[in-house]
Amino acid sequence: MRKAITLMFLGSFVLIGLAGNAAADEKSQVTYEKNVKPIIAARCPSCHGSDAPAISEFKKDKEGFKKKMKGPRMDSYETLIIFVRGDESGALMRRLDDGKKKADGKPGNMYVWLGKTDSERAENLSLMKKWVGGWTLKRKEEMTEEEKKAIKAPEK
Ligand code: HEC
């Protein structure tokens, strides 16, 4: 009897420990609201903000918008996710990548906007990678189903 009680007692400690771990995981999860929105809001709105064209509009006159220093609008979860795992899947990853794992070492052309210094860029890139999950530089047509599924990018 005593043994059984001791075992139950120990067992409940294990359960409490596991529940604590799950809560910690939830807290440390990188989300759009908590981590990504502040980066985008600080670094990208002059060209991708509320006065920028929707991607459908942008595509009609890319060169014209480029000259005006406007890219497609990305100031909300809905408008940003298009470039992560929507119609333009992978575009965000290709543009923001630092190029370190590529054969030519060339960073994406939006990497420079991720921060004012190398260390700020590296820090923000690391957060973006954690948020996206399966970071891939492939185009949508080249991605496998597994690669598509690995792109998590949670909102909250
Ligand atoms: C000075 C203006 C400017 C800033 C700041 C800027 N961008 Fe851009 N961005 C552009 C322009 C112009 C284009 C379209 C031309 C091109 O494709 O390079 C573009 C294109 C993109 C694309 C590709 C869109 C597509 O059609 O596939 C992504 C993704 C992107 N930007 C992300 C970002 C992110 C994220 C930031 C902030 C970290 C950022 N950009 C900051 C001007 C800017």
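The crossing of H2 and H8 is left-handed, meaning that the near helix is turned anticlockwise from the far one by less than a right angle. This is a predicted model: local features need pLDDT of at least 70, side-chain atom pairs count only at pLDDT 80 or more, and totals for chains, interfaces and linings use all residues. Residues are numbered from 1 along each chain as its sequence is written.

Helices are DSSP runs of H or I with at least four residues, strands are E runs of at least two, and both are numbered from the N terminus. H2 packs against H8 (residues 118-132) at about 140 degrees, with the axes 10 Å apart. Axes are lines fitted to C-alpha atoms, for helices over the stretch in contact, and angles run from 0 to 180 degrees between N-to-C directions. The pair is therefore oblique, the class left after under 35 degrees (roughly parallel), over 145 (roughly antiparallel) and 65 to 115 (roughly perpendicular).

Residues in contact have C-beta atoms, placed from the backbone, within 7 Å.

| Helix | Residues at the contact |
|---|---|
| H2 | Tyr-32, Asn-35, Val-36, Ile-39 |
| H8 | Asn-124, Leu-127, Met-128, Trp-131 |

By class, this H2 and H8 contact has six nonpolar, two polar and no charged residues. Nonpolar means Ala, Val, Leu, Ile, Met, Phe, Trp, Tyr, Cys and Pro; charged means Asp, Glu, Lys and Arg; the others, Gly among them, are polar.

The ligand has 21 residues around it, and Cys-44, Cys-47, Gly-71, Ala-91 and Trp-113 come nearest. H7 gives the most to this shell, four residues. A residue counts as near if its C-beta atom, placed from the backbone, lies within 6 Å.

Key
Two residues are in contact if their C-beta atoms, placed from the backbone, lie within 7 Å.
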